[in-house]
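Q: Please take a close look at the aromatic rings. How are they paired, and what else is placed around them?

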Amino acid sequence: MIQGADDNSEDEESEDEDDGEEVEGESEEEEEEEEEEEGSDAEEDLEEEDGETPDKSQNKEHPDKTNGDAEETEEVETEGEFTDKKNEAAFCLETNLPAEGEENMREEEDIFAKHQETELSDEEVGRILQGSKIKTQVKWPKLGTLQCTCPLERFPAVGQPSSAPFPTIHKTLEANWCLLNKSFAPEGGDVNDITELQKELLGLMGTYRDVHFTNSSPLREAKEVRSAYCLHVLNHVLKANTRVLRNNAKLKETKDVNEEFRDQGITRPKVLILVPFRDGVLRVVQTFITLLEPKGKKMDVSNKKRFKEEYGEEPGESPPKLQRPDDYHAIFSGNTDDHFRIGVSIMKRSMRLYSPFYSSDIIIASPLGLRTVLGTDGEKKRDFDFLSSIELLIVDQADVFLMQNWEHLLHVLKCLNLQPLDSHGVDFSRVRMWNLNNWAANYRQTLVFSAIQEPQITNILTKHSHNYRGQVCSKTIPKVGSICQVLVQLPHVFQMFHSDSFMDQDARFQFFVDKILPQYRDSVMSHTFIYVPSYFDFVRLRNYLKKEDVSFASVSEYSQRSEVSRARHYFQKGEKQFMLFSERFHFYKRYTIKGIHNLIFYGLPTYPHFYSEVCNMLQAGVREGGGSVSFTCTALYSRYDMHRLAAITGVDRAAQMLQSKKSVHLFITGEEKNT
């Protein structure tokens, strides 16, 4: 749990750093640096109709509880987390009947029904678990190159877009689904029609294959992607609930005691959406409301006032925008607390927020928020049964989870679709056979969206997904690398070292200690900045430099603000020869470090644009010093860094570098023609 990194409340130094001195009088009014750009519309819809603005007093120790809970003590669970108990009967699946006009809906041709009713044999399940897959590749107009895998021959890989037509939309969504992009349309502007990217994504999602989209930039595609998966989620939940309600009506009328209606999982939650910050929940729920709300009417949303308190951001609380890149403001807009979980249940055209998990259709959470409930082996108080029947998993902004704690996400994935320890009052005569056989994982669809292509994110599908319908992964091929955005005249030396595996950190460390560090130990090579992507490597290097009695300062996501100020000051003045700098600190703060003359990338940055951002920091020292300084830049890579290298140098150059017999490659930037 990276408290030092993601707690932006004690965060920002003044950006007026012209003198380069230690900054002592940081402005208190910059305690929170997120500027909510698009959340205002969402919050307006979520406000109570009487226009009240509730007090937002978030309890830091219990992020799920606010002071406004005092009047609702009868609804508060023993551990102090609020859940809505009042509306249990109104949103109960077992006792409700379908709305008018939904009793006789046709679903024979719908892929949803085919997916749910597909029967697998023991042999087929065995083949899926063995991991034998047929691999193909296809190119789509917007999604680009798609790598497709299918474990079973009777469910062939996806072909051209025509093989994945737009899915059938549930009757409840028919009127509004074309307003998909309303939640982020410019104020007073026209609502854009559904985009080509959304059509392709929805077509793929509608086939119930796993999908990994690797180009979901927070500045461009992320909003379209969120709207698309929200429509898919509601479509899935409404179809599943309608089927249960329709069968309730049939059971009420039928006299045939032998007739079976197997239409449910062992527990009710069907969809799990993982997002990194509370602001993501706000936007998802707002999109749900936009899609469900009848024209000209206010939709019934239980507990929306409380939801706005805990997930929204009060007007006037954000400081003016700081000088940060656009992608930073896009990621850190709104409420950036990362410890939360909320159940959502949907019945006809009503929505209930804060429903107990076992009465929810959708669970929206952060990995940390779920981890505290799931517990670990050996703990007495742990609960994972509510994840046993998840049919649809969505991992949004997966790259941001890399900057939080990836272990929490892996732990959640391991707890999905396990055999429940308790029946939780389920009617087993209504449970689908593949749930009873413990094959739910083979029917679960996993959707992963990230801004970058990274092996750890890809592993979500390769290691933790066993969908019988196969997988589709988009492949990002960067023709031009981020090195082209470096404005400083600088020689970039890329040094390759031999490594036996992706996880082999010893080889990198040994190469750095034996070959790289000795070149910079001389006092002439002062002002050396070492950029370290992994926190584990950061700690290892810090311990080594201490042991060797090297003059260095270090800055990580756990550093106090005063420690950061001192480190920057000593480094800029040359009182410390090295600065050790963690990638997560750069992700959460984006400070400009002055005084860098020599730059070492211990590993290539996770985000390609971080490479050019850090290289361009060298300009800051030049502008102030005025004197001519010769800069150096060294970057270490192995053959397992292929994706990162391609994103920095471009795919053609990266291929040449990896195939070359030479282990050292030189690039020069800042001249009229880049070499």
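A: Y588 is buried, because its relative accessible area is 1%. F587 is buried as well, with a value of 0%. Here buried means under 20% relative accessible area, exposed means over 50%, and partly exposed is in between (1.4 Å probe, protein chains only).

This is a predicted model, in which local features need pLDDT of at least 70 and side-chain atom pairs count only at pLDDT 80 or more, while totals for chains, interfaces and linings use all residues. Residues are numbered from 1 along each chain as its sequence is written, and side-chain values use heavy atoms, with hydrogens and water left out.

A pair of aromatic rings is described by the distance of the centres and the angle of the planes. Rings of Phe, Tyr and Trp (its six-membered ring) pair if their centres lie within 6.5 Å; planes under 30 degrees apart count as stacked, over 60 as edge-to-face, and the rest as tilted. The count by this rule is 31 aromatic pairs. One of them joins W434 and Y443, which are stacked, with 4.1 Å from centre to centre and 10 degrees between the planes. W434 and Y443 are both buried. F587 and Y588 form an edge-to-face pair, because their planes stand at 90 degrees, with the ring centres 5.0 Å apart.

Other rings form a group: one aromatic cluster has among its members F494, F529, Y531 and F667.

Charges also sit over rings (NZ of Lys or CZ of Arg within 6 Å of the ring centre and within 35 degrees of the ring normal). R278 lies over the face of Y311, 4.6 Å from the ring centre. The charged end of R306 is over the ring of Y354, at 5.6 Å from its centre.
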